[in-house]
Amino acid sequence: MGTERNVLLKYLLFSAAVLVAPIFFSGGYLLNVLVFVGINTMLALALNLLLGYAGQISLGQAAFFGLGSYISGVATANYGMNPWTALVLAAVVVGVIAFTIGFPILKLKGHYLAMSTLGFGIIIYILFNETIDLTGGPSGLSGIPYFSVGEFQFDSDLKNYFLIWGFALLMILFSVNLVNSRIGRALRAIHDSEVAARVMGVNARLLKVQIFALSAVFSSIAGSLYAHTMTFISPASFGFNFSVELLTMVVIGGLGTVYGSFLGAALLTLLPEFLRTLQDYDIVFYGLLLVLMTMFMPGGLVRIPSLVLPFLAKFKVRRQGNA
Amino acid sequence: MLTNKLRNLFLSAVCVLASAAVATAAPTIKVGALFAVTGPASFLGEPERNSAQMVVNQINAAGGIRRQKVELIVMDTQGDATKAVQAATRLIKEGVVAIIGPSTTGDTMAVIPLVERAKVPLISCSAGAKITEPVKPWVFKTAQNDYLAVTKIYEHLVKHKLTKVALLTVSDSFGSSGREQLKALAGRYGITLVADDTYGPKDTDMTPQLTKIRGLHAQALICWGTNPGPAIIARNARQLGLSIPLFMSHGVSSKKFIDLAGSASEGIILPSGRVLVADLLPKNDKQKKALLAFVKEYQKNFKAEGDHFGGHAWDAMMLLKGAIERGGASRPAIRAQLEKTRNFAGIGGIFNYSPTDHSGLTKDAFVLVKVKGGDWTLVK
């Protein structure tokens, strides 16, 4: 019972922090960056459910993100569809695609799974580039409308912040519930030993495909939100590099933790902004920091409290002893 | 203890006041720049950043514009639309009077909604025709439209009665934009396209495409891409013994192309900005003075050859300087004055902006050059 209350408390605290954050950042450019932190949080969370909990790697997450963006973008910019309908359409289409390819792909393990998802990512990337009549090709698709409710348009950073973080918080709530449920336990069982999980009566094959599809749907929703806040998309944003960046976010943030996804996304999105003062050397420090973090914090950023708290406790005891 | 603290407080107060006084005496003009300094488009972004900084240093050394110093705030977009939008947001919040760049059409299209809404003048350094067509009030550009380059090649082909043409274009934004224009304008010049093939930006062998083209009895081959693809095509064509004349785009108009293609580059014709052949131009050429100055300065500062990519940023910065000199450093004044720019002889060509034309150049911005003896020569 106690842990359940802790989980809820943590979620409420996090939501409260998200809701008051704009007070400190409004008017500055950082609010715009925080919008992208929200989008990356959703994407990292989607990958973390798959990789951190179920132990299935995907190097094609950018493809699902891109598909969501492009289905939304093309449907609204070229065919005049309502952005909200387009978001749902994209999520359904991407979900069906992921579910269909999930069955053959997820039979593979380890390097082979990585390779096949990588291949899928590259195929989709080429598709965006070559279907010029539909997607505008490498120079991008413009004229995508903002989200709107009646007369109210989500056309400023502040409005988009609440829109995107609204979705992000819902996804986090869903994920927290999922990983603390029977399904979450089954996923972790698959992660540790698929054979053992199947012996215990877990339908591993179906569950893996389901979590793969869920991860794709989350990414697609993030993609639609991205398309309608940027109002312009180009294939370069959905390449292999971005899949790797997402993977880095998840690993740096902490595998198998919901809030780790947020920490990783926040760090990797905000860090380049703070490193800009270093001019041309920013990329060197960026790389160095990532290497150091993976060396000394293999559990991810989310483990910082568990590293620091015992130390503080010891410190406290010593002081009390002195007094 | 207390006196120490008081003294510190006093000293810091003096410092703050002094710096405030300096700030009010000479407020700087903040100009934003978005360039793809790193990433796949860095061959554009780096010379652009260098050239823009070079112009700003010159301006400040000469006492600034209307006695105000210029501060250039450069942001790296890495050729990524998301990063470009973040950087542009930051520049706008920092109160820049105008933005020059971005380097690529994709980045430019991504930031256009932002600058239009914030009403900040943008002088893009990328080529895509859709940046200024239709005209957007706050968006200008200095890079020559692709169709001007295409026009130049087609006129040459028609003059030499070469009307059956094969196309080989790269599948990135530069190539697809070129391909679009090549196809759209072919009819107007009575040119038949017998092949329309593409290659990937990272491909290392184009023999299959060229073998196919060899069998089609084309009279000329036009290849549209940026280094290193076209150099590979030139070499492959030489190896296959393809004897038809080979045309390239302005995407490879730098010495680098001749270095990469070696002797296979001999005889290749391409449209280029005048900067490549600055010293070969006749004395009465209006751009000659600006071109020679740019080439000399760039060589002096960066020990490298100034190319037309850097020229786009040089032009953008000079156009901006002219606008501020005439109308002052406010966003609406700069926009209004940019639109009134007439007969500005820059690196890319002679600019004439108007309310209906924010790209400002004609096909005369290009000359045809031919590789001869390992160097560029003018095609008359």
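Visitor: How many residues of chain A are in contact with chain B?

Guide: In this predicted model, 20 residues of chain A are in contact with 21 residues of chain B.

Visitor: Which elements give two or more residues to the chain A side?

Guide: Helix H2 (30-53) and helix H5 (110-130) of chain A. H2(A) gives the most, with 3 residues. By type, the chain A side divides into 9 nonpolar, 10 polar and 1 charged.

Visitor: Now chain B. How do I read the span of helix H6 (residues 173-186)?

Guide: Compare the reach with the value expected at 1.5 Å a residue. H6(B) has 14 residues and reaches 20 Å from first C-alpha to last, close to the expected 20 Å.

Visitor: Is H6(B) mostly covered or mostly uncovered?

Guide: Count neighbours: a residue is buried if 20 or more other C-beta atoms lie within 10 Å of its own. In H6(B), 10 of the 14 residues are buried, so defined. Among them are B:Phe174, B:Arg179, B:Glu180 and B:Leu182.

Visitor: What covers the buried residues of H6(B)?

Guide: The cover includes helix H6 (132-135) of chain A. From chain B it includes helices H4 (105-118) and H5 (146-159), along with strands S6 (164-170), S7 (192-199) and S8 (220-224).

Visitor: Where do the axes of H11(B) and H12(B) stand to each other?

Guide: Angles of 65 to 115 degrees count as roughly perpendicular. The axes of H11 (308-327) and H12 (331-339) of chain B come within 8 Å and cross at roughly 110°. The two helices are therefore roughly perpendicular. Their crossing is right-handed.

Visitor: Which residues make the contact?

Guide: H11(B) contributes residues including B:Leu319, B:Leu320 and B:Ala323; H12(B) contributes residues including B:Ala333, B:Ile334 and B:Leu338. The contact residues divide into 8 nonpolar, 2 polar and 1 charged.

Methods:
Residues numbered from 1 in each chain as written. Chains lettered and ligands numbered in written order. Predicted model: local features only at pLDDT ≥ 70, side-chain atom pairs only at ≥ 80, totals over all residues. Axes fitted to C-alpha atoms, helices over the stretch in contact; angles between N-to-C directions. Helix = DSSP H or I, 4+ residues; strand = E, 2+ residues; numbered from the N terminus. Parallel < 35°, antiparallel > 145°, perpendicular 65-115°, else oblique. Left-handed = near helix turned anticlockwise from the far one by under 90°. Contact = placed C-beta atoms within 7 Å. Nonpolar A, V, L, I, M, F, W, Y, C, P; charged D, E, K, R; others polar. Expected span 1.5 Å × (residues − 1). Buried ≥ 20, exposed ≤ 12 C-beta atoms within 10 Å, placed from the backbone.
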